[in-house]
Amino acid sequence: MNVIKRLRSYSVVKKVIALANRHKLSAALLLAILAALTLTVISVSMYYVAGFSRYDLSRPGYEKERTEIAKPTAQKEYDTTGPVNKGTIDSFLREFDDRQKDLKAYGDYLDPSLTDEDLLIAPAGQ
């Protein structure tokens, strides 16, 4: 509290407080704009310093990379109120097998760096 009293004793601070009291709306708007600009500068600098800008494909100059991204194919929709017969079941199983093959193409998730020792996970009871 002693620091606040000491700050308020300065003539410059007294003038700023008097000006802010006379123009409350203008002071509030100015403060809001300054806060927004400060937060924007901090976030943009963090974006570049941390290196996230390298992964942002929406930036100009990455048109080629954006076109290389594969668009997912639309999934077939099935009528939930229609009849269930051999044709609909066969159609569903064919699509299911195709999706399963696509998933198997990625391989099993057996990353050797995820062992219990590497993750420092002790077996139960130790």
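Here are a few friendly notes on the structure above, which is a predicted model.

1. **Overall make-up.** Start by counting the elements: the protein has five helices and zero strands. Read from the N terminus, the order is simply α-α-α-α-α.

2. **Overall shape.** Along the principal axes, the C-alpha atoms fill a box of roughly 90 × 55 × 40 Å.

3. **Surface and burial.** How much of the protein is buried? Buried residues make up 3% of the 126 residues. The protein exposes about 12100 Å², and carbon and sulfur atoms supply 64% of that area.

4. Helix α5 covers residues 86-105, which is 20 residues.

5. At the start of the helix, a side-chain oxygen of N85 comes to within 3.2 Å of the backbone nitrogen of G87. Just after α5, you will find G107, which takes a positive phi of about 90 degrees.

6. **A buried serine.** Now find S91, which sits in helix α5. Is S91 buried or exposed? Its relative accessible area is 15%, and because buried means under 20%, S91 counts as buried. Leaving aside neighbours within four places in sequence, S91 is in contact with K76 and Y78.

7. **Aromatic pairs: the tyrosines.** A search of the whole structure finds two aromatic pairs. One of them joins Y47 and Y48 in an edge-to-face arrangement, with 5.1 Å centre to centre and 80 degrees between the planes. Y47 has a relative accessibility of 24% and counts as partly exposed. Y48 is also partly exposed, at 47%.

8. **Aromatic pairs: the phenylalanines.** F92 and F96 form a stacked pair, 6.2 Å centre to centre with 25 degrees between the planes. Why are these two residues about one helical turn apart? They are separated that way because they lie four residues apart in helix α5.

How values were computed. Residues numbered from 1 in each chain as written. Predicted model: local features only at pLDDT ≥ 70, side-chain atom pairs only at ≥ 80, totals over all residues. Heavy atoms only, no water. Expected span 1.5 Å × (residues − 1). Polar contact = N/O pair within 3.5 Å; in protein donor to acceptor, adjacent residues only side chain to side chain. Buried < 20%, exposed > 50% of the residue type's maximum accessible area, 1.4 Å probe, protein only. Contact = heavy atoms within 4.5 Å. Areas by Shrake-Rupley, 256 points an atom, 1.4 Å probe, with all protein chains shown as cover. Phe/Tyr/Trp six-rings, centres within 6.5 Å; stacked < 30°, edge-to-face > 60°.
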